[in-house]
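Have the sequence and the model at hand as you read.

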Amino acid sequence: MSTTGLQSFARLLTLEGGEGAGKSTVLEALRRELDAQGHEVVCTREPGGTPLAEMIRTLLLDPGHEPPSPETELLLMFASRAQHVRDTVLPALARGAWVISDRFTDSSYAYQGGGRGLDEAWIADLERRVVGIRPGMTLLLDVPVAQGRARAGGREQAADRIERERDEFFERARAVFLARAAAEPDRFRVVDATRDATAVAAEACALLRDYQAQ
Ligand code: Z5A
């Protein structure tokens with residue numbers, strides 16, 4: 001247990017970054033790398049990662065009902081995470097699997113803290129009480145907001161509720177991600193995600209191998 005009151009799990013890897021940063025692409029590359037090494041790998045995501053948590057995700061991202069208050073949004077993110085940690089992440093770690101999560105608690109600091117302006121101390125309290133764990137390594141795929149949004153905008157599906165936010169919201173979230181990475185250099189690796197997808201995935205796999213060799 002660290003001074004933060006959170007238990008760190010070496011085999012829990014998380015991917016963070018803005019919209020269109022390329023997390024899905026990198027997740028697949030890391031999955032293949034660990035699979036080739038002969039490990040069991042569980043790939044998951046937040047919000048979501050269990051049937052109930054995926055239902056909460058649908059509620060969170062649906063633009064069709066009244067906008068949740070920032071507080072509702074934060075608590076739903078943590079409700080989803082509480083279920084995800086207990087039903088998916090911890091059981092997988094307990095049997096020795098590697099877990100790669102597309103987003104985790106850092107996203108709540110970035111979007112609900114930075115983006116919505118909610119109190120960071122409240123988020124930290126929820127993290128301690130509801131989550132209790134943190135990843136051994138977090139890859140922050142960093143890309144300017146406009147570039148990431150342009151990539152994501154090229155997709156077929158319509159923008160979800162959070163994707164409809166203004167650029168300033170995402171700029172504040174990006175600043176929090178970068179500040180958290182600077183504050184926790186042992187856990188975070190910041191990857192320049194402006195490069196082509198192959199180069200980004202190759203760097204992510206190299207960082208994973210370095211991390212395993214530590
Ligand atoms: N959220 C929150 O507010 N609080 C929380 O606690 C949590 C989440 C956990 C849903 O997350 C929303 O929930 C999210 C944050 C919020 N809203 N936003 N923003 P999500 O992870 O499902 O949503 P997302 O970040 O919008 O996903 P995304 O746009 O799919 O991002 P991605 O996975 O990083 O990108 P991708 O799917 O890999 O790539 C997107 C497109 O770019 C695709 O066409 C790729 O082919 C292309 N791409 C990828 N990499 C490259 C490179 N390197 N070059 C060129 N093109 C590329």
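Arg-103 is buried, because its relative accessible area is 14% and buried means under 20% (exposed is over 50%, partly exposed in between; 1.4 Å probe, protein chains only). The model is predicted, so to speak of local features pLDDT must be at least 70, side-chain atom pairs count only at pLDDT 80 or more, and totals for chains, interfaces and linings use all residues. Residues are numbered from 1 along each chain as its sequence is written, and side-chain values use heavy atoms, with hydrogens and water left out.

Where does Arg-103 sit? Its place is the loop between β3 (98-102) and α4 (105-115). Helices (H or I, at least four residues) and strands (E, at least two) are DSSP runs, numbered from the N terminus.

Leaving aside neighbours within four places in sequence, Arg-103 is in contact (heavy atoms within 4.5 Å) with several residues, including Leu-15, Gly-17, Glu-46 and Phe-177. Gly-17 is 86 residues away from Arg-103 in sequence, yet their C-alpha atoms are 8.0 Å apart in space.

Now for the strand. β4 (residues 133-142) is mostly covered, with ten of its ten residues buried. Two strands pair if DSSP finds at least two bridges between them. The table shows the pairings of β4.

| Partner of β4 | Sense | Bridges | Residues opposite each other |
|---|---|---|---|
| β1 (residues 7-17) | parallel | eight | Leu-15 and Leu-139 |
| β5 (residues 188-192) | parallel | five | Leu-139 and Arg-189 |
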